[in-house]
Amino acid sequence: MLLAAILFALGLIGLLTRRNVVFTLMSIEVMLNAAGLAFVAAGSRWAQPDGQVVFLFILAMAAAEVSVGLALVLGIYHRFHVLDTDAASGMKG
Amino acid sequence: MTAAFYIAAAVAILATIIALTRLNTVHALLYLVVSLLAVAVVFYTLGAVFVAALEVIVYAGAIMVLFIFVVMLLNLGKRAEEMERLLLSPGMWIGPAALAAVLIAELADLLVHGRLPGVEPAMVGPKQVGIALFGPYLIGVELASILLLGGLIGAYHLGWRKPEEIESKPEIQRKEVRDDSHRARVAASGDLVRVGTDRTSDQA
């Protein structure tokens with residue numbers, strides 16, 4: 001549980017400090033992973049399979065999120081030719 | 001078993017810290033792969049064998065390959081060449097390799113001594129997970145499949161470039177792009193990523 005908390009905090013720090021889109025996505029991955037770790041640890045603590053089931057859902061969600069996120073990264077790069085989140089903060093087509 | 005857990009946890013935290021502080025994307029991805037593998041070992045020591053295998057296959061395998069594919073597709077230009085040179089030098093991969101070696105040593109120790117994982121925390125096998133997954137959580141499985149379908153369509157839509165952008169180009173320009181000598185010239189300059197980019201935009 002402590003490990004999950006530390007990993008989640010690291011992911012959050014990375015999300016807040018880095019300005020590269022790819023690093024932002026990686027931080028989100030770390031945070032999702034930490035949440036899944038918390039679920040699995042809890043499920044293992046009480047000998048229930050529910051924790052692993054929820055981890056499977058988190059896994060599917062992370063896969064969908066990463067595919068959409070990386071497509072967004074490609075779109076941002078084609079439009080602005082940088083990987084800076086500040087460049088896309090205008091939100092005007 | 002607890003020692004294995006704490007070593008893997010330390011490797012995971014260390015690799016994550018290093019991954020999020022790298023400036024180079026590929027270096028960061030290497031450390032992130034090590035971090036995910038360490039989390040998989042943590043799952044194994046917790047008794048969740050099935051999830052540990054899935055973590056390696058889906059996270060460290062598929063998702064990381066997606067990341068690396070996009071990083072390569074982004075065409076980092078002149079930096080790509082010097083990065084290639086850096087990848088061949090031993091100083092680059094010694095860090096991830098050392099952290100991964102710790103995990104391998106741990107796994108070898110577990111295999112040699114043959115202790116069952118999860119003596120203290122209860123072992124939850126894949127069969128129980130499967131029964132729970134397709135029993136009370138069946139609606140969740142269906143929702144996850146719909147979510148994956150949505151992700152697929154969303155990624156396709158976002159990655160789709162309008163055909164008229166390319167068709168509206170003058171014919172001479174298109175011929176220039178299609179010209180093989182041009183591509184050979186680009187290839188000769190060593191910028192292989194650009195050649196691939198030309199080809200995809202040509203076909204689209």
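Biologist: Which residues touch the most other members of the largest nonpolar core?

Modeller: M26(A), F43(B), Y59(B) and F67(B) do, in a core of 58 residues. A nonpolar core here is a set of buried Ala, Val, Leu, Ile, Met, Phe, Trp, Tyr and Cys residues joined through side-chain atoms within 4.5 Å. Buried means under 20% relative accessible area, exposed over 50%, and partly exposed in between, with a 1.4 Å probe and protein chains only.

Biologist: And which helix gives the most to this core?

Modeller: α2(B), with 12 residues. Helices (H or I, at least four residues) and strands (E, at least two) are DSSP runs, numbered from the N terminus. From chain A, α2 (21–45) and α3 each supply at least two residues, and so do α1 (2–21), α2 (25–45), α3 (49–73), α5 (90–113) and α6 (126–133) of chain B.

Biologist: Before I get carried away, what ground rules apply?

Modeller: This is a predicted model, where local features need pLDDT of at least 70 and side-chain atom pairs count only at pLDDT 80 or more, while totals for chains, interfaces and linings use all residues. Residues are numbered from 1 along each chain as its sequence is written, chains are lettered from A and ligands numbered from 1 in the order in which they are written, and side-chain values use heavy atoms, with hydrogens and water left out.

Biologist: What's the mean pLDDT of chain A?

Modeller: 73, with 63% of the residues of chain A at 70 or more; pLDDT is the predictor's confidence in each residue, from 0 to 100. In chain A, confidence is lowest in helix α1 (residues 2–17), at a mean of 63, and highest in helix α3 (residues 50–80), at 81.

Biologist: What does chain B average?

Modeller: Chain B averages 69, and 62% of its residues score at least 70. Over residues 168–187 of chain B the pLDDT is below 50, and the stretch 191–204 of chain B is also below 50. Where pLDDT is low, the predicted coordinates should not be read in detail.

Biologist: What about ipTM and pTM for the complex?

Modeller: The predictor gives an ipTM of 0.75 and a pTM of 0.64.

Biologist: New topic: which residues of α7(B) are buried?

Modeller: G140(B), V141(B), A144(B), G151(B) and A155(B). They cover an arc of only 100° around the axis, so they lie on the same side of α7(B); the arc is that of the directions from the helix axis to the C-beta atoms. On the other side, the exposed residues include I139(B), L143(B) and Y156(B).

Key: Contact = heavy atoms within 4.5 Å.
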